[in-house]
Amino acid sequence: MQASRRTGNLALALCLGAGLAGCATRVPLDTPVPPVRTVTAPAPLPAPAPVQKEEPVTYSVDLGGARDDGVRPLPDAPVVSQQDIDRLRAWVADHNRLYDVAGTLMIRNVELCPNNARRILGFTAKNRFSYTSQFADTAAAALGLDERLQVIHVLPGSGAQNTGLRRGDILLDFNGQPVPSGPQAEREASVLIISETRGKQQVKLTVDRQGQPVTLDVPLTDACAFGIELGDSEEIGSYADGYRVMVTRGMLGFVRSETELAYVMAGEFARNLLAAGDRTAAAALIDQYRFLKTGTPSSAAPVQIRPYAAAADIQADRLALYMLARSGYDIRAYAPFWERVAQAASTVPVAELPVNSYAVLHPGFRERQQAIPRLVSTIEQKRARNEPLLP
């Protein structure tokens, strides 16, 4: 399982770098098949015989494109619900919000993550097959995706953005090699890009932009290589498994600004860089939450993570505050934000808190309250003296 997770994690890091394999937001295969559609064709009216009704012709609809053997396909395009379109668009928008904040932290803190630093391209690309069969047609309707890989997000501050790569560009050619398309496009393109970027400072990328080929020389960008995940959970939570970082939709709804979101993500980046030991439970929880849910919510109990000790959280706060300061965020509101998180949890009896909510996983906030102001003061003094912001 460890080897499998590492492969996925590397691919997800390339989601922000190569912008390909692993960045797909995959949806579980538990969506119920839509009701069978019945079309009754009117019978001819031969004379003088009385009117005879033909037997109804039955079609089966599978939003993924797979149809039962022996059943005729519908002559028109599959029907997708507006609800699914809206949900998928919101899911992608939330993911892109995470990428924007994560990108700033990853690019500006290479010195603080020497063991995780990589050269990345800085964009995310998907096609309709980036989603499971139940959402393939929804992806086409909601995002305009087809079999070709299309850029859906460009990382701020990356070489891709600085060169002029745009959302909606369709990948055609990478360093003289055709970019794969079809069901395995992301995986095949990931292999191509890993090979073509090794040892290089920049790469040549040709895209289709509104029907016209455009060739760009894209410089690679040094960045911390972390996998970024969105969790389909209403819990106010965030998690780190040693490589990936997940922020739940509940936490996204709780934060009031991108600065507060940066506080959350920097803390999990710091835990990835500092924490040692078994992270199996966190990895399993991330795997459980990383899919957009459809149909009836799963009744399976979430994997429970062991809470962090206060001393470990204070170490993470220290590194996170340096990462935030180096990225240009105001660190003075760091402590008040976590106080608000603690206050929100205090309104619910401890026994009723979700097992993996932030308040349960980080119970030592009183000790952190005393330590954070000192950490902030130290960093501000270094900044005033124009000293390097290094822990």
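Which residue in S13 does Tyr239 stand opposite? What you have on screen is a predicted model, and I'd like to walk you through two parts of it.

Let's start with the sheet. It is an open sheet of three strands, in the order S11-S13-S12, and the pairing is mixed. Strand S11, residues 227-231, and strand S12, residues 238-240, are the edge strands, each pairing on one side only. On average, neighbouring strands here are turned by 15° against each other, ignoring direction. Now zoom in on S12 and strand S13, which spans residues 244-248: these two pair in the antiparallel sense, over three bridges. And here is the answer to my opening question: Tyr239 stands opposite Met246. Helix H2, residues 82-107, packs on this sheet and touches S11 and S13, with its direction at about 145° to that of S11.

On to the helices. The axes of H7 and helix H10, residues 334-346, come within 10 Å and cross at roughly 85°, so H7 is roughly perpendicular to H10. On the H7 side, the contact uses Glu260, Tyr263 and Val264, and H10 brings Tyr334, Phe337, Trp338 and Arg340. Sorted by type, that contact has five nonpolar residues, two charged and no polar ones.

Is Arg271 buried or exposed? It counts as buried, because its relative accessible area is 4%, and the cut-off is under 20%. Beyond its neighbours within four places in sequence, Arg271 is in contact with several residues, including Ala240, Asp313, Tyr358 and His362. Thanks, everyone!

Notes:
Residues numbered from 1 in each chain as written. Predicted model: local features only at pLDDT ≥ 70, side-chain atom pairs only at ≥ 80, totals over all residues. Heavy atoms only, no water. Buried < 20%, exposed > 50% of the residue type's maximum accessible area, 1.4 Å probe, protein only. Contact = heavy atoms within 4.5 Å. Pairing = 2+ DSSP bridges. Helix = DSSP H or I, 4+ residues; strand = E, 2+ residues; numbered from the N terminus. Axes fitted to C-alpha atoms, helices over the stretch in contact; angles between N-to-C directions. Parallel < 35°, antiparallel > 145°, perpendicular 65-115°, else oblique. Nonpolar A, V, L, I, M, F, W, Y, C, P; charged D, E, K, R; others polar.
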